[in-house]
Amino acid sequence: QDKPESLDSGPKMTEKKKEALIEGVRQREEADEEVLRFFTLHGVHLKQAMKLQAIYGKDMLGKLKENPYRMVEEVDGIGFQTADKFALSLGFEMDHPYRMQAACVSFVMEYCMSTGNSYITVDELQSLLDKKFKGLDYDFDEVFTTLGMARKLVIEENRVYHISQYDAESYIAGYLAMFPQKQLAMVDKKDVLHHLELVQEEYAISYEEKQREAIEKIFENECMILT
């Protein structure tokens, strides 16, 4: 649109075709700007709105008006708070099933990330929701069951996993179960410490106590987890 003369080099380009292309581009840009403006007016930052546009394309507005909370699961960097602000601005009810389901899934993941656990108990999850939505009349069991059936959450006894955490933990367990069993030769701790000193001297470095412990455990155990 800024350089209409660039169209002149196209094959069989007529003035009429040129005007139609320029008008089409202009209308598309205006439509995109209108959609982005709509999202920013409803509490979504411009950068986030542009990310949504890149993911959902021309149907973005229709898809997210139908279920704004889907962006929590489908768009990296957009959390429940942003989606909730947008949804409530559109007029979604405080107890809408989409809202409660998105909150439930988000709280499970947030809890795991903040505590380092891979699951939360049912009681802890309900307590978090009750605290967040104090006074709101909603059916926890219905929300919980729906998410389990959709496999967004995995429930084992009293443990609730986010699907990503559950799949990751299952993969690790399966990997370790299939890992070749090989008895390691015993290594003298004094020998390990001696070589540690040589390495530190050669590279002019100094390991902290925790690092030394981690290195020593490599030679003491057939399997270790380094976090």
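Biologist: Is lysine 152 buried or exposed, or in between?

Modeller: Lysine 152 has 29% relative accessibility, so it counts as partly exposed. Buried means under 20% relative accessible area, exposed over 50%, and partly exposed in between, with a 1.4 Å probe and protein chains only. This is a predicted model, in which local features need pLDDT of at least 70 and side-chain atom pairs count only at pLDDT 80 or more, while totals for chains, interfaces and linings use all residues. Residues are numbered from 1 along each chain as its sequence is written, and side-chain values use heavy atoms, with hydrogens and water left out.

Biologist: Which side chain does lysine 152 meet in a salt bridge?

Modeller: Its partner is glutamate 73, at 3.2 Å from N to O. The two residues are 79 apart and link distant parts of the chain: glutamate 73 is in helix H4 (residues 70-74), and lysine 152 is in the loop between helix H8 (140-149) and strand S2 (153-156). Glutamate 73 is also partly exposed, at 47% relative accessibility. A salt bridge here is a side-chain nitrogen of Lys or Arg within 4 Å of a carboxyl oxygen of Asp or Glu. Helices (H or I, at least four residues) and strands (E, at least two) are DSSP runs, numbered from the N terminus.

Biologist: Why can such side chains pair?

Modeller: Side chains of opposite charge can pair when their charged atoms come close.

Biologist: How many salt bridges does the structure hold?

Modeller: There are eight. One of them joins arginine 159 to glutamate 157 at 3.3 Å, N to O, and Glu156, Glu157 and Arg159 are linked in a network of salt bridges. Arginine 159 is partly exposed at 22%, whereas glutamate 157 is exposed at 71%.

Biologist: Where is glutamate 157 found, then?

Modeller: Glutamate 157 sits in the loop between S2 and strand S3 (159-162). It has a positive phi of about 55° although it is not a glycine. Most residues other than glycine have a negative phi. Arginine 151 likewise has a positive phi of about 55° and is not a glycine. Arginine 151 is placed in the loop between H8 and S2 and is partly exposed, at 45%.

Biologist: Changing topic, how do helices H10 and H11 cross?

Modeller: The axes of H10 (residues 189-203) and H11 (residues 209-218) come within 11 Å and cross at roughly 130°. That makes H10 oblique to H11. Axes are lines fitted to C-alpha atoms, for helices over the stretch in contact, and angles run from 0 to 180 degrees between N-to-C directions. Angles under 35 degrees count as roughly parallel, over 145 as roughly antiparallel, 65 to 115 as roughly perpendicular and the rest as oblique.

Biologist: Which salt bridge does arginine 212 form?

Modeller: Arginine 212 pairs with glutamate 197, the closest N and O atoms being 3.4 Å apart. Arginine 212 lies in H11 and glutamate 197 in H10, so the pair ties together parts that are 15 residues apart in sequence. Arginine 212 counts as buried at 16%, while glutamate 197 is partly exposed at 42%.

Biologist: And what of the chain overall, how many helices and strands are there?

Modeller: The chain has 11 helices and three strands. Of its 227 residues, 27% count as buried.
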